[in-house]
Amino acid sequence: MHIIKKGVMPNDDEYESMMAARHTPGIHKKLKEGKVAIAGLGGLGSNISVMLARIGVGKLLLVDFDVVEPSNLNRQHYDLTHLGMLKTDALKNQLNKINPFIETETCNLKVTEENVMMIFNDYPIVCEAFDNPQYKAMLVNALLEQGEKRIVAASGMAGFDSANNIKTKQRFKNLYICGDFKTPAQEGTGLMAPRVGVCAAHQANMVLRLLLNIEKA
Amino acid sequence: MIVNGKEIVLQKEISIMDFLKKQGYDTTKVAVEKNGDIVSRKKFETEILLDIDKIEIVCFVGGG
């Protein structure tokens, strides 16, 4: 039992045991052994990464080539101090402050069919968190064709339709998709923090379930 | 043939590419599983569908 004193940082061992105490011991261990890649660090990926860091997933790979822009702040897990920074660096800094006991790797490449296995090789679970539907399809196809990966993807989370319409479905043997499956980002239905956040939480929850060997969506 | 859980009568053999186009899919945004296995996008033109097949088609919309 550790007691936090105001203004005094707990040491690493104390902090780690406090974090572990939040979980049943077996669950903490399984999550700590987990390795998850997040492809795209926008509204979905930045929020998924934060949730996975908070629950103590042991190793995260953060993949994005973009920098933080003002238009990102309506839904993505960045603030004004991050403007102009690489998203990988801005997010890694935040994750280190939230949970310093996990490992975070970064990759600043644009994902292509050719480099997909080089980038994701060590990660059995990949979150597809891109914006562009062609890139979503490219990543999912390349991962399913070239490797034995579990993919948790997203499709349809723009606008302000009911949050209850966002679901998690297992569509293929190794492919789960979260979203309402129909609402693209376009004029009148932009991407907004609440529904994007709901969808990100669906993806993070499916990753959590897979790490605990639960395959049902 | 079963497509996304629904039965469709397939009059004659058809390539996956032609089937997708006929159904109105944008083939750059899809992934297809046939009888439980992913179909490489490079094989959409040559892979032929039969009435006994079971396929799942996923089509992505933008946003993230």
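In chain A, strand 1 (residues 35–39) and strand 2 pair in the parallel sense, and 5 bridges join them. Within this pairing, Val36(A) stands opposite Leu60(A), a residue of strand 2 of chain A. Strand 2 (residues 59–63) of chain A has 4 of its 5 residues buried, so this strand is largely enclosed by the rest of the structure. The model described here is predicted, and local features were considered only where pLDDT is at least 70.

Chain A as a whole contains 7 helices and 7 strands, and from the N terminus on these elements follow the order α-α-β-α-β-α-β-α-β-α-β-β-β-α. The radius of gyration of chain A is 17 Å, which agrees with the value near 17 Å that a compact globule of 217 residues would have. Taken along the principal axes, the box filled by the C-alpha atoms of chain A is roughly 50 × 40 × 35 Å. Of the 217 residues of chain A, 43% count as buried, and among the contacts with a separation of 6 or more, 67% are made by residues 24 or more positions apart. Chain A is divided into two parts, domain 1 (1–27) and domain 2 (33–211), and the centres of domain 1 and domain 2 of chain A, taken over C-alpha atoms, are separated by 28 Å.

In chain B, an open sheet of 5 strands was found, with the order 2-1-7-4-5 and mixed pairing. Strand 2 (6–7) and strand 5 of chain B stand at the edges of this sheet, and each has a single partner strand, so one side of each is left without a neighbour in the sheet. Strand 1 (residues 2–3) and strand 7 (residues 54–59) of chain B run parallel and are joined by 2 bridges, with Val3(B) standing opposite Ile55(B) of strand 7 of chain B.

The contact between the two chains takes 31 residues from chain A and 16 residues from chain B. On the side of chain A that touches chain B, at least two residues each are supplied by helix 3 (43–54), helix 6 (133–146), strand 6 (167–172) and strand 7 (175–179) of chain A. Helix 6 of chain A provides the largest share of this side, namely 8 residues. By class, the side of chain A that touches chain B is made up of 16 nonpolar, 9 polar and 6 charged residues.

Positive phi values in residues other than glycine were noted in both chains, including Asn213(A), with phi near 65°, and Asn35(B), with phi near 50°. Asn213(A) is placed in the segment after helix 7 (193–211) of chain A, and this residue is exposed, with 7 other C-beta atoms within 10 Å. Asn35(B) lies in the loop between strand 4 (30–34) and strand 5 (37–38) of chain B, and Asn35(B) is likewise exposed, with 11 other C-beta atoms within 10 Å.

How values were computed
Residues are numbered from 1 along each chain as its sequence is written. Chains are lettered from A and ligands numbered from 1 in the order in which they are written. This is a predicted model: local features need pLDDT of at least 70, side-chain atom pairs count only at pLDDT 80 or more; totals for chains, interfaces and linings use all residues. Two residues are in contact if their C-beta atoms, placed from the backbone, lie within 7 Å. Ala, Val, Leu, Ile, Met, Phe, Trp, Tyr, Cys and Pro count as nonpolar, Asp, Glu, Lys and Arg as charged, and the others, Gly among them, as polar. The radius of gyration is taken over C-alpha atoms; the globule rule is 2.2 Å times the number of residues to the power 0.38. A residue is buried if 20 or more other C-beta atoms lie within 10 Å of its own, exposed if 12 or fewer, and partly exposed in between; C-beta atoms are placed from the backbone. Domain bounds come from an automatic or database domain assignment. Two strands pair if DSSP finds at least two bridges between them.
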